[in-house]
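My entries follow in the order in which I made them.

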Amino acid sequence: MLVEFRECPICWTSFQVNPSAGARHTYCTPRCKAEASRRRRRERDEAADAAEGETMTPASPDPTPLAPTAVRNCPHCDKPVTIVALLATPEAARPTIPMANPDVIPMRRS
């Protein structure tokens with residue numbers, strides 16, 4: 001009986017394969033086979049995102065920090081806490097809804 005040795009493309013270890021198995025055995029363990037599947041899926045997803053113009057790089061934080069608006073004492077520990085205004089303009093605080101669809105009625109507070 002002939003014995004064939006192959007090299008796993010994931011972990012690069014040499015493993016023994018029965019020649020009658022043919023080309024079915026590519027990976028040394030089910031764990032390596034699962035890792036190969038994950039890599040193929042990730043590459044396919046990244047290629048699809050690149051085709052849509054999206055990048056997978058995380059957005060870098062804004063280099064200019066927000067200016068503190070006020071400093072108050074924490075009600076629990078009484079240490080100073082900096083308050084930052086995230087919604088800097090009234091337009092950002094209350095966005096308007098475009099009236100493209102007359103069936104949509106914006107909600108208003110009474």
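**First hairpin**

I began with β1 and β2, which form a hairpin with six residues between them, and in its turn W12 has a positive phi of about 60°. Helices (H or I, at least four residues) and strands (E, at least two) are DSSP runs, numbered from the N terminus. I noted that this is a predicted model, where local features need pLDDT of at least 70, side-chain atom pairs count only at pLDDT 80 or more, and totals for chains, interfaces and linings use all residues. Residues are numbered from 1 along each chain as its sequence is written, and side-chain values use heavy atoms, with hydrogens and water left out.

Strand β1 covers residues 4–7 and runs antiparallel to β2, with four bridges joining them. Two strands pair if DSSP finds at least two bridges between them. I looked up R6 of β1 and found F15 as its bridge partner in β2.

W12 lies in the loop between β1 and β2. W12 counts as exposed because its relative accessibility is 57%. The classes are buried under 20% relative accessible area, exposed over 50% and partly exposed in between (1.4 Å probe, protein chains only).

The R6 side chain makes a polar contact with the side chain of E4 at 3.1 Å. The R6 side chain also reaches the backbone oxygen of H25 at 2.5 Å. A polar contact is a pair of N or O atoms within 3.5 Å; within protein, one must be able to donate a hydrogen and the other to accept it, and residues adjacent in sequence count only if both atoms are side-chain atoms.

For F15 I set aside neighbours within four places in sequence and listed contacts (heavy atoms within 4.5 Å). The list includes E4, F5, R6, H25 and Y27.

**Core**

Which residues make up the largest nonpolar core? They are C8, I10, F15, V17, C32 and A36. β2 (14–17) and α1 (30–52) are the elements that give two or more residues to this core. A nonpolar core is a set of buried Ala, Val, Leu, Ile, Met, Phe, Trp, Tyr and Cys residues joined through side-chain atoms within 4.5 Å.

I moved to A70 in strand β3 (residues 68–73). A70 counts as buried because its relative accessibility is 17%. Leaving out residues up to four places away in sequence, A70 touches V81, T82 and I83. The C-alpha atoms of A70 and V84 are separated by 7.0 Å, the two residues being 14 apart along the chain.

D78 is in the loop between β3 and β4 (80–84). Its phi is near 65°, a positive value in a residue other than glycine. D78 counts as exposed because its relative accessibility is 55%.

**Cysteines**

How many disulfides does the structure hold? I found zero, taking a disulfide as a pair of cysteine sulfur atoms within 2.5 Å. The sulfur of C28 has its closest cysteine sulfur in C11 at 3.4 Å, too far for a bond. C28 is partly exposed, at 26% relative accessible area. For C74 the closest cysteine sulfur is in C77 at 3.7 Å, again too far for a bond. C74 counts as buried, at 16% relative accessibility.

**Whole chain**

The protein chain has two helices and four strands, in the pattern β-β-α-β-β-α along the sequence. Buried residues are 11% of its 110 residues.
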